[in-house]
Amino acid sequence: MHFQSNICVIGNGAVGKAAALGFAQAGLSVTLLAPHAAPTEPAQAASWDVRVYALNQVAHDLLSSLKVWQALDASRVAAVDSMVVKGDGEQAGNLAFDAFGARAGALAWIVEDRNINQALDAALKFAPNTRIVSGRATRLAAGAEGATVHLDNGDVIGASLVVGADGAQSWVRGQCDIGIDYRSYGQRAIVTNFECSRPHHGAAYQWFTSTEGIVALLPLPGQRTSLVWSAPEVLAQTLLREPLSQLAERVTQLSGHQLGQLHPLQPELVRAFPLSLLRPHAIVAPRVALIGDAAHVVHPLAGHGMNLGFADVAALVKLVAEREPHRDCGDERVLARYSRTRKEDIFLMQAATDGLERLFAADFEPLRIARNLGLNLVNKLPVLKRALISHAMGKKP
């Protein structure tokens, strides 16, 4: 069978679904190629997804424009009203931001992966000119007239533009022979959720340590918090082996009882994700554009991997929708504009997250003193603080 559309999106994560929805709402025909779904156990209604995202204003605006934000289960979304960043050692530095100082309603919103995907799936069912195809792509060919994606069952998808939204191990990127620069951080992100005996008041906390990695506690609705611990590999293995109640006690002590005593949420669940830096040598190729983790992978210390992906979607959909009438969706000029538009944002975020990880990973006392002084200095400079928080929120200072 041959499917023909303006756009073929490959990938079934939130970024790929948002792209398919955005193109459809822009009046273009879309084929979303998703892998065959693996059987999963239904989630318990009261359970909390351990994979959460701190969505910034850009992500919020995109999902709102797609009418997806309004479809989220609002009772499971927590606004981040303030953020406190702490250094390590006896003279730990301190840097604090709040929504009032940033002249914003919220610094970010903590949303579960499941909540986002359920809202996107519901929206896609009603999206015009959208076809969802399940299968595995085996070959991608691009030419002057368009691109074709061949599937393992013999079906073919034809499109003017193929969008690779298929993650860090992107098949689309590999088909285009786009090289990558890769560096493993030798860390895993340990993620789980806790109940806390003290209210968090919408505050997110982050501790930079040189020996135990980076620990973040993100607010969930009610007296709940989500842990993202970027732990060195040896420590990560220990954290995964021990009972979750012991991990809760570790975090309680490491955080100085900031949220009181922590207890595992029921049912208990913990997951781990290897951390790396990935820089493709290009995010476009003939008839192809990469978005999300296919286009960039960053350290999660700032929580901006998903935000970068949604910013990719917003830029690509806008540029394709506003192209000149004589250009098709995959025109090389349109793709070049997308590459230029996203270059600075991606570079700055990768440089910032990688630089901070290297800075705080060094267990060297003079450097420890300097970075703690730096946190305290920035905390006393309102202009610099506003610039930092505006960039993090995706806004211009």
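In this predicted model, R51 lies over the face of F273, at 4.1 Å from the ring centre, where a charge is taken to sit over a ring if NZ of Lys or CZ of Arg is within 6 Å of the ring centre and within 35 degrees of the ring normal. A further contact of this kind involves R76, whose charged end sits over the ring of W48, 4.1 Å from its centre. Because the model is predicted, local features need pLDDT of at least 70 and side-chain atom pairs count only at pLDDT 80 or more, while totals for chains, interfaces and linings use all residues. Residues are numbered from 1 along each chain as its sequence is written, and side-chain values use heavy atoms, with hydrogens and water left out.

From these charges we turn to the aromatic rings. Rings of Phe, Tyr and Trp (for Trp, its six-membered ring) pair if their centres lie within 6.5 Å, and planes under 30 degrees apart count as stacked, over 60 as edge-to-face and the rest as tilted; by this rule the count comes to two aromatic pairs. W69 and W109 form an edge-to-face pair, with 5.6 Å centre to centre and 75° between the planes. W69 lies in the loop between α2 (57–65) and β4 (78–80), whereas W109 lies in strand β7 (residues 108–112), so the pair ties together parts that are 40 residues apart in sequence. Helices (H or I, at least four residues) and strands (E, at least two) are DSSP runs, numbered from the N terminus. The other pair, Y205 and W207, is stacked, at 5.8 Å centre to centre with 20° between the planes, and both Y205 and W207 are buried, a term that means under 20% relative accessible area, with exposed over 50% and partly exposed in between (1.4 Å probe, protein chains only).

Strand β2 (residues 30–34) is mostly covered, since five of its five residues are buried. From β2, V30, L32 and A34 point one way and T31 and L33 the other way. Strand β1 (residues 2–10) pairs with β2 in the parallel sense over four bridges, pairing being assigned if DSSP finds at least two bridges between two strands, and V30 in β2 is the bridge partner of I7. The chain crosses from β1 through helix α1 (residues 14–25) to β2 in a right-handed β-α-β crossover, which means that, with the strands pointing away from the viewer, the path from the first strand over the helix to the second runs clockwise. β2 also pairs in the parallel sense with strand β8 (residues 130–134), over five bridges, and there L33 stands opposite V133 in β8.
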